[in-house]
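Subject: Handover of a structure and notes on it

Dear colleague,

Please find below the structure that I am handing over to you. I would be grateful if you kept it open while reading the notes that follow it.

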Amino acid sequence: MATESNVTSASRSWRSVATVAGWQTAASLCYYTIFAATGFVRDAFSLSESLVGVFLTAALLGYTVMLFPSGAAVDGFGEKRLMIVGLAALAVAAVAVSLAPSYGLLLGAGAVLGAAYSTAMPASNRAIVASSPPGRQGLAMGLKQVGVTAGSGAASLVVTGVAAVAAWQAGFWVVAALAGGYALGFVALYDGSRGSGEFSLPDLSGLWDNRAYVLLVAAGLFVGASIFSMLGYTVLYVQDAVGASAAAGGIVLALTQVTGSVGRIGAGSLADRLGGARGAATVALGQMGVSILLFGTLAGGEWSLPVVVGLFVGLGLSVHGSTGVFYSCLSELVDGDDIGGATAGGQTAINAGGLVAPPLFGLLVETGGYGLGWGLLTGTTLAATALFVGVLWRL
């Protein structure tokens with residue numbers, strides 16, 4: 001189980017939690033600009049849809065490759081330094097993406113943007129453990145995780161809104177300015193906790209001995225596969241299978257993001273009431289069970305738009321809203337000084353699911369229709385459910 005160790009030096013208050021949640025929002029605002037700007041990038045570089053996908057993959061690969069070094073840096077030097085440097089790097093990388101003169105350099109800038117974002121989860125999770133009031137870590141983690149959906153939603157509004165009145169690149173500059181300004185304020189607003197003083201990659205053998213942690217990370221692989229595939233194909237499903245407009249698909253996706261935020265807060269609060277790693281794992285297990293039913297319903301028939309809206313609202317509350325309690329459980333399973341490295345392991349698993357599952361989902365759709373694709377996600381959430389049962393068995 002987690003120990004307090006050096007993380008107790010940060011002031012435990014909702015003000016600190018809000019400051020960290022704001023940082024997560026600013027970081028996600030930078031990273032998710034590329035998802036909001038895919039149409040502009042496609043037109044600017046005359047790309048096919050698959051090459052646009054390669055650009056997004058380059059960013060996710062940069063993010064994934066740097067997770068363990070970032071986690072080690074967080075554990076060694078404390079989260080405040082990495083949060084300041086990371087947010088500044090995100091601002092610079094966002095500008096670099098907007099100024100890339102060729103597709104090759106665009107891929108490089110995207111990879112740098114992803115690498116800068118790798119500081120987000122290890123640093124912000126450690127900050128939440130350091131900052132959350134006693135007994136309220138689940139709620140605090142859920143509130144922090146709302147920063148991801150809030151940042152991605154804000155990125156869509158800023159990038160597309162600025163593009164309507166100016167060059168699309170200007171949206172990236174606005175985002176970079178907002179992130180840079182928050183980084184300056186963060187220096188004064190957040191105290192931070194001490195690190196070990198040494199940079200060393202996490203002891204994976206030690207984490208491997210923690211069977212509950214290993215099972216939780218394995219569950220993260222299937223949770224990530226489910227979330228990334230669902231979000232990646234929501235708009236296309238509404239257009240292709242439901243016969244609605246792209247605007248309607250965008251509304252469904254937005255509702256899924258909003259209810260995902262609500263789910264993270266509600267799940268975190270419930271996990272606090274149940275208590276500890278067992279409480280967080282129990283809530284996540286319940287969310288996975290609901291998502292099995294919802295994905296299975298999508299796989300089993302053709303539905304009208306109102307029914308689809310209801311199903312995706314439920315998926316937002318369940319699978320999309322599960323990441324807060326996932327990280328709350330993770331932070332309870334490891335020592336406080338290892339949270340950065342342990343988070344890197346969990347996020348790497350989630351990202352790996354996001355790299356592998358969406359292309360497979362698309363292939364299934366092309367060969368047999370969306371029913372097969374949703375059937376795949378029924379299977380991934382079923383696997384996650386079984387693994388969460390294993391986590392509870394080990395506690």
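This is a predicted model: local features need pLDDT of at least 70, side-chain atom pairs count only at pLDDT 80 or more; totals for chains, interfaces and linings use all residues.

Residues are numbered from 1 along each chain as its sequence is written, and side-chain values use heavy atoms, with hydrogens and water left out.

Confidence

The term pLDDT stands for the predictor's confidence in each residue, from 0 to 100. The chain has a mean pLDDT of 86, and 92% of its residues reach 70 or more. Residues 1-10 have a pLDDT below 50, and this stretch makes 34 contacts in the model beyond near neighbours in sequence. A contact means heavy atoms within 4.5 Å.

The nonpolar core

Two terms are needed here. Buried means under 20% relative accessible area, exposed means over 50%, and partly exposed lies in between (1.4 Å probe, protein chains only). A nonpolar core is a set of buried Ala, Val, Leu, Ile, Met, Phe, Trp, Tyr and Cys residues joined through side-chain atoms within 4.5 Å. In soluble globular proteins, nonpolar side chains tend to be buried together.

Which residues touch the most other members of the largest nonpolar core? They are Phe 312 and Trp 374, in a core of 114 residues. Helix α12 (residues 211-242) gives the most to this core, namely eleven residues. Helices (H or I, at least four residues) and strands (E, at least two) are DSSP runs, numbered from the N terminus. With neighbours within four places in sequence left aside, the contacts of Phe 312 include Met 230, Tyr 237, Leu 298 and Trp 374.

Ser 229 also lies in helix α12 and is buried, at 0% relative accessibility. Not counting residues up to four places away in sequence, Ser 229 touches Ala 357, Pro 358, Phe 361 and Leu 377.

Aromatic rings

A pair of aromatic rings is described by the distance of the centres and the angle of the planes. Rings of Phe, Tyr and Trp (its six-membered ring) pair if their centres lie within 6.5 Å; planes under 30 degrees apart count as stacked, over 60 as edge-to-face and the rest as tilted.

The structure holds 17 aromatic pairs. In one of them, the ring centres of Phe 295 and Trp 374 are 6.0 Å apart and the planes meet at 15°, so this pair is stacked. Phe 295 belongs to helix α14 (residues 276-299) and Trp 374 to helix α18 (residues 370-394), so the pair ties together parts that are 79 residues apart in sequence. Phe 295 is buried at 0% relative accessibility, and Trp 374 is buried at 0% as well. Another pair, Phe 326 and Tyr 327, is edge-to-face, with 5.2 Å centre to centre and 80° between the planes. Ring pairs also link Tyr 233, Tyr 237, Phe 295, Phe 312, Phe 361, Tyr 370 and Trp 374 into a cluster.

How many of the eleven residues of helix α16 (residues 323-333) are buried? Ten of them are, so the helix is mostly covered. Lys 144 lies over the face of Tyr 327, at 5.9 Å from the ring centre; a charge sits over a ring if NZ of Lys or CZ of Arg is within 6 Å of the ring centre and within 35 degrees of the ring normal.

His 320 is in the loop between α15 (305-317) and α16, and it is buried, with a relative accessible area of 3%. Beyond residues up to four places away in sequence, His 320 touches several residues, including Thr 149, Met 230, Gln 257 and Arg 264.

Cysteines

A search of the whole structure for disulfides (pairs of cysteine sulfur atoms within 2.5 Å) finds zero. Cys 30 is buried, with a relative accessible area of 0%, and Cys 329 is buried at 1%.

Ser 46

Ser 46 is in the loop between α3 (38-45) and α4 (49-65). Although Ser 46 is not a glycine, it has a positive phi of about 55°. Ser 46 is exposed, at 66% relative accessibility.

A colleague
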